[in-house]
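Reader: I have this one open in the viewer. Please take me through the strands first, then the domains and the voids.
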Amino acid sequence: MGRVLITLFVVLAATFFAPAKGWNYGTATFYGGPDGSGTMGGACGYGNLYQAGYGTNTAALSSVLFNDGAACGQCYLIMCDSNASPWCKGGAAVTITATNFCPPNWAQPSNRGGWCNPPRPHFDMAQPAWERIGVYKAGIIPVHYQQVTCWRQGGIRITIGGSTFFQLVNFANVAGSGSIRSVSVKGTKTGWIALNRNWGANWQCNSALVGQELSFTVTSTGGQTLYLNNVVPAWWQFGMAFVTNYNFYY
């Protein structure tokens, strides 16, 4: 009977302390200051993260996670591994959005300073988000993480930059998978034109679209396609942002 109880305890303990299926192991540091002001902008091109719908629950991803910008906008649930570090806030978790790239530091070994060196999965989180799961004094903590569905308020936000024959279109506040796989645009004087990813969440079009009302077809990495018909008026100018009534749910 004693052996049965011991065995049952071991099984239950393993079940309780082991991360659920779908969790991965990584590490996390922080940057940007206690108010997160130093995280604005970044390699995904979102600019002001409050206006883009992301706030300070954000992170810069290491190369293996960033995937040359394809991960921009994706959401990750992160919890500190309290079994591996005394600097965790027990039972706490935070969901962050990928908004920046954490570049490798080849001058430092990957286990001592080069936290974003390949092939390490690492999150350099905005300090306010990081402090929800870790104690400031630690600096770096081990974490469990998994990609999760993004929940956003309102529709997709479209910002158009560039010049007369070069449009750079940024898509922010993206729900569902959070990231975009493909984009096409159609003006009132054109057919459908496929855009190419330029960098981060910016998609490039080399056509003269100025003065035309614009429609988009946007497909998420989750596989859902939205038809954003006539969402940008003909009087648009470079630098303007337009909020749609559409968003993804997967």
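Author: Two strands count as paired here if DSSP finds at least two bridges between them. Strands (E, at least two residues) and helices (H or I, at least four) are DSSP runs, numbered from the N terminus. This is a predicted model, with local features needing pLDDT of at least 70 and side-chain atom pairs 80 or more, while totals for chains, interfaces and linings use all residues. Residues are numbered from 1 along each chain as its sequence is written, and side-chain values use heavy atoms, leaving out hydrogens and water.

Reader: Fine. How many bridges pair β3 with β6, and in which sense?
Author: Six, in the antiparallel sense, with β6 covering residues 141-148.

Reader: What about β2 and β4?
Author: Those run parallel, and four bridges join them; β2 is residues 58-61. Thr58 is bridged to Thr97 in β4.

Reader: So what do these strands build, and in which order?
Author: A barrel, closed by six strands in the order β1-β5-β2-β4-β3-β6, with mixed pairing. Neighbouring strands in this sheet are turned by 45° against each other on average, direction ignored. The axes are lines fitted to C-alpha atoms (for helices, over the stretch in contact), and angles run from 0 to 180 degrees between N-to-C directions.

Reader: Which strands make the open sheet?
Author: Four of them, ordered β10-β9-β13-β14 and paired antiparallel. At the edges are β10 (192-194) and β14 (225-232), each pairing on one side only.

Reader: How many bridges hold β13 to β14?
Author: Five, antiparallel, with β13 spanning residues 214-220. Phe216 faces Leu228 of β14.

Reader: Switching to annotation. Which residues does UniProt give for the EG45 domain?
Author: The unreviewed entry lists "domain: Expansin-like EG45" at residues 41-155. UniProt positions follow the numbering used here, feature names are shortened, and annotations may be inferred rather than shown by experiment. That span is 7% helix and 28% strand, and its end C-alpha atoms lie 20 Å apart.

Reader: And the CBD?
Author: "Domain: Expansin-like CBD", also from an unreviewed entry, covers residues 165-244. The chain there is 0% helix and 55% strand, with 24 Å between the end C-alpha atoms.

Reader: Now voids. How many cavities of 30 Å³ or more turn up?
Author: One, in a search of the whole structure. On a 1 Å grid over the protein atoms alone, a cavity is a set of points where a 1.4 Å probe fits but cannot get out; a pocket is an open set with protein on both sides within 12 Å along at least five of seven lines, and lining residues have an atom within 4 Å of a point. The largest cavity holds about 60 Å³, where volume is the space filled by probe spheres set on points joined across faces, edges and corners.

Reader: What lines the largest cavity?
Author: 13 residues, with Tyr46, Cys72, Ser179, Ile180 and Ala201 nearest its centre. The lining has eight nonpolar, four polar and one charged residues. Nonpolar means Ala, Val, Leu, Ile, Met, Phe, Trp, Tyr, Cys and Pro; charged means Asp, Glu, Lys and Arg; the others, Gly among them, are polar.

Reader: What is the volume of the second largest pocket?
Author: About 190 Å³. Of its 13 lining residues, Gly53, Tyr54, Thr97, Trp151 and Arg152 lie nearest the centre. Strand β4 (residues 93-101) supplies the largest share of that lining, three residues. By class, the lining of this pocket is five nonpolar, seven polar and one charged.
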